[in-house]
Amino acid sequence: MGLLLKIFIPLLGAALAFYFYSAPQSFNEEMLRGKRAIVTGASSGIGEQMAYHLARMETHLLLTARTEAKLQKVVERCLELGAASARYISGSMEDPSFPEVVVGEAENTWGGLDMLILNHISYSGFNYFDGNIGRVRKLMETNFLSYVAMTTLALPMLKESEGSVVVVSSVAGKIGSPLTASYSASKFALDGFFSSLRHEFIMDKVNVSITLCILGYINTESAVRAVSRVIRGQPAPKEECALEIIKAGTLRQRELHYPPWTVSTMVLLRDIVPEFLDSFIRSNYNVENLKR
């Protein structure tokens, strides 16, 4: 164990140092002034906070989510904060035709697009897998296939503007965890698709960036409600998380880890000592608080 620690700690330090200091640190809010951005899942949580940050940066916003009443309030707040413009479309990404409606609205309104932020989500609950294949299909439709559809439809405009795609994912899309089997499958799919697509863009000289955001436990209302009784530990602030996502997408970073130390360390441990990481993850679950 002593030898393992002597090898592991320097490797961990080197990897984290590379992650923190290799990315450009020249973000300026002026970069987003007048830019045109779609934000999905914008009625609450991280999406809502991203909308507010972008509004302060005087961005043109098109927001989507399921709940129209909440979206109306977010749009009103965005205009108060200084958004260059703000509008919304309510609907569900479970509907395969909805991505076309959203992207069509951006094209009709602005004639182009600079940033596509994909943040919407369907939750599977936080429990043991019960064999419900229909639920898995539904999650894949919302959490994965609609992301592919939105990107495909928006790509002609993003190619023209040399814009950015920001994919909000989860540490559950990098590391398997208990009680998230269906949800985790849809997030792993995002990593596979968008990481492969990034290769193709580079090979084909398509100047559209893809930023994959790997998030840990964030203090959104839905996340806290779902997992606080089971997972030990404190969630990270959604406001700061939202800003870091915007910065990463604007700077065209390959990947964002947030909270950085927690997520980066877990990803590193996955490859070096996977069984230790698995044991550590399980030790942070209060399974006695879980109802099957």
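A residue counts as buried when its relative accessible area is under 20%. The views below come from a predicted model.

**View 1. Threonine 59 sits in the loop between α2 (45-56) and β2 (60-65).** With a relative accessible area of 0%, threonine 59 is buried, because that value is under 20%. Its side chain reaches the backbone oxygen of leucine 32 at 3.1 Å. A polar atom of the threonine 59 side chain also lies 3.1 Å from the backbone oxygen of leucine 54. Beyond its neighbours within four places in sequence, threonine 59 is in contact with several residues, including Gly34, Lys35, Arg36, Ala83 and Ser85.

**View 2. Glutamate 58 has a positive phi in the loop between α2 and β2.** The phi of glutamate 58 is about 65°, although this residue is not a glycine. Its relative accessible area is 33%, and glutamate 58 is partly exposed.

**View 3. Seven strands form an open sheet with parallel pairing.** The order of the strands is β3-β2-β1-β4-β5-β6-β7. At the edges stand β3 (85-90) and β7 (255-258), each pairing on one side only. On average, neighbouring strands of the sheet are turned by 15° against each other, direction ignored.

View 4. Leucine 62 stands opposite arginine 87 in β3. Helix α3 (residues 68-81) packs on the sheet and touches β2 and β3. The direction of α3 makes about 175° with that of β3.

View 5. Glutamate 255 in β7 is the bridge partner of leucine 212. In a regular strand, side chains alternate between the two faces of the sheet. In β7, Glu255 and His257 point one way, while Leu256 and Tyr258 point the other way. All of these residues are buried.

**View 6. The peptide bond from tyrosine 258 to proline 259 is cis.** The omega angle of this bond is near -5°. Proline 259 lies in the loop between β7 and α9 (260-272).

**View 7. Lysine 205 is found in the loop between α6 (181-203) and β6.** Lysine 205 is a residue other than glycine with a positive phi, near 55°. At 75% relative accessibility, lysine 205 counts as exposed, because the value is over 50%.

Definitions and conventions
Residues are numbered from 1 along each chain as its sequence is written. This is a predicted model: local features need pLDDT of at least 70, side-chain atom pairs count only at pLDDT 80 or more; totals for chains, interfaces and linings use all residues. Side-chain values use heavy atoms; hydrogens and water are left out. Helices (H or I, at least four residues) and strands (E, at least two) are DSSP runs, numbered from the N terminus. Buried means under 20% relative accessible area, exposed over 50%, partly exposed in between (1.4 Å probe, protein chains only). A polar contact is a pair of N or O atoms within 3.5 Å; within protein, one must be able to donate a hydrogen and the other to accept it, and residues adjacent in sequence count only if both atoms are side-chain atoms. Contact means heavy atoms within 4.5 Å. Two strands pair if DSSP finds at least two bridges between them. Axes are lines fitted to C-alpha atoms, for helices over the stretch in contact, and angles run from 0 to 180 degrees between N-to-C directions.
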